[in-house]
Amino acid sequence: MLHPTRSLAPLGALLLLALAGCAAPSAPSAPTATAESDAHGQIDGAAELAEPALGLTSIDADGRVSHLDLLDESTADLGTVRAPAAVHSDGRYLFSAAADGVSIVDSGVWTWDHVDHFHYYRAPARVIGEVAGDGVATVATSNSSTTGGTGVFFPDSGEAVLLDTEALSKGEVAEKFRVTTEPGAGLVVPAGSFAAIASAGEVSLHAADGTAIGVTTPCAEPAGTITTRVGAVIGCRDGAVLVSVNGEQPVAEVVPYPSGATAPRATGFHNREGRPSVAALAGDAGIWILDTRERAWTLLPAPEPLVQVTAVDDKNANVLALTAGGRVLVLDGDTGAVRAASAPLVSESLAAGLPVTLIADQQRAYLNGPAENRMWELDFADDARVAREFAPERTPLFFAETGR
């Protein structure tokens, strides 16, 4: 299990429920016996909670899955999946990708975004199943963990797969479509009830059954994707394609880099889930900020070599950065100025080339160090202070914050 080596007040005391017009119960309710409600993400067998059941769900090098409850600091073993080469999460599910397919874990905790407020749920955690394919897949998810689709692209075969997310919420792996494209780099990105496939130098729009809609947009060398409140971002050599749904039809817009820009392109995007602005490394030249509402890029200076960035996109425009030396920086998202810095927490992991992940939510940041065999919770609004530190029995090679 995970042993906290330093602990402050429980997160539950900091997370107060403020619902407008659609209040949740003040304590966990009994599992609902109703069918799924599109209004609130309610699902058979799930209990609605008064606050988000936040946790850190991790996978070690052997594929063993653990879940740390951030409210009571208890740990549960969720089973074993294929040994991961990469892991993607949407805040509920973890997709563990290896050379021969993807394993899917349901953490059993999630938040339903109801635009002006949120609902929180818990259901049994479980390993759901597998998706077979050739090559370490790229996975793309939407902002919904109960409806729509989940995209999986297998680079060695060029197979583009859209999974039924509603089926995942019921413990089933069901493919809406499997389309063969050119082998190589590619993405399948859900957008409402549609999907975009980025492959062979273009983005094509498809219906839920895989039928091409006939709309294509140039996108050389696709790499990196993220879904914001505005739409789905697909990184391209010359900028990004933003896929959204206008009325009942998907729309693909090109957001080019600023005229005359010479900084390296963005290949990986990160933010606080659902926010409109995202951050990406611009090689060694700085940090790209993409505002999907404004359809505009901004290049911020990097104070020192960085290995990962993420946009909190809060009222203070905080951007978090992980330095090559293992420190977490809090940056001004308008100027790039350093507001705070942690001690070098993950220098050993970075020096060894191990995967290190930095995740931000509205109040905290989370970081793992496989070589240090630690996970940290940081208060980025309080000088990047380490609020809690956890020493796991199983070294977390990859992890995700779940329940958000």
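**View 1. The whole chain and its surface.** Accessible areas here come from the Shrake-Rupley method with a 1.4 Å probe. On that basis, this predicted model has a chain with an accessible surface of about 15600 Å², and carbon and sulfur atoms own 51% of that surface. Look through the chain and you'll find 35 strands plus two helices. Of its 404 residues, 53% are buried. As for contacts with a separation of 6 or more, 49% of them link residues 24 or more positions apart.

View 2. The strands run in the order 6-7-8-11, with antiparallel pairing. At the edges sit strand 6 (86–89) and strand 11 (126–132), each pairing on one side only. From one strand to the next, the twist averages 20°.

**View 3. Zooming in on strands 6 and 7.** Strand 6 meets strand 7 (residues 93–98) in the antiparallel sense, over four bridges. To get your bearings, find A86: opposite this residue is A97 in strand 7.

**View 4. The largest nonpolar core.** This core holds 18 residues, and L320, L367 and L378 have the most contacts inside it. Elements giving two or more residues to the core are strands 28 (318–323), 29 (328–332), 31 (358–360), 32 (365–369) and 33 (374–379). Elsewhere there's a second, separate core of 15 residues, with A240, Y257, A263 and F269 among them.

**View 5. Who touches L320?** Skip its neighbours within four places in sequence, and L320 is in contact with several residues, including V309, V312, L329, V330 and L358. Also on the list of L320's contacts are Q308, T310, A360, A365 and F380.

Notes: Residues numbered from 1 in each chain as written. Predicted model: local features only at pLDDT ≥ 70, side-chain atom pairs only at ≥ 80, totals over all residues. Heavy atoms only, no water. Pairing = 2+ DSSP bridges. Axes fitted to C-alpha atoms, helices over the stretch in contact; angles between N-to-C directions. Buried < 20%, exposed > 50% of the residue type's maximum accessible area, 1.4 Å probe, protein only. Contact = heavy atoms within 4.5 Å. Core = buried A, V, L, I, M, F, W, Y, C linked by side-chain atoms within 4.5 Å.
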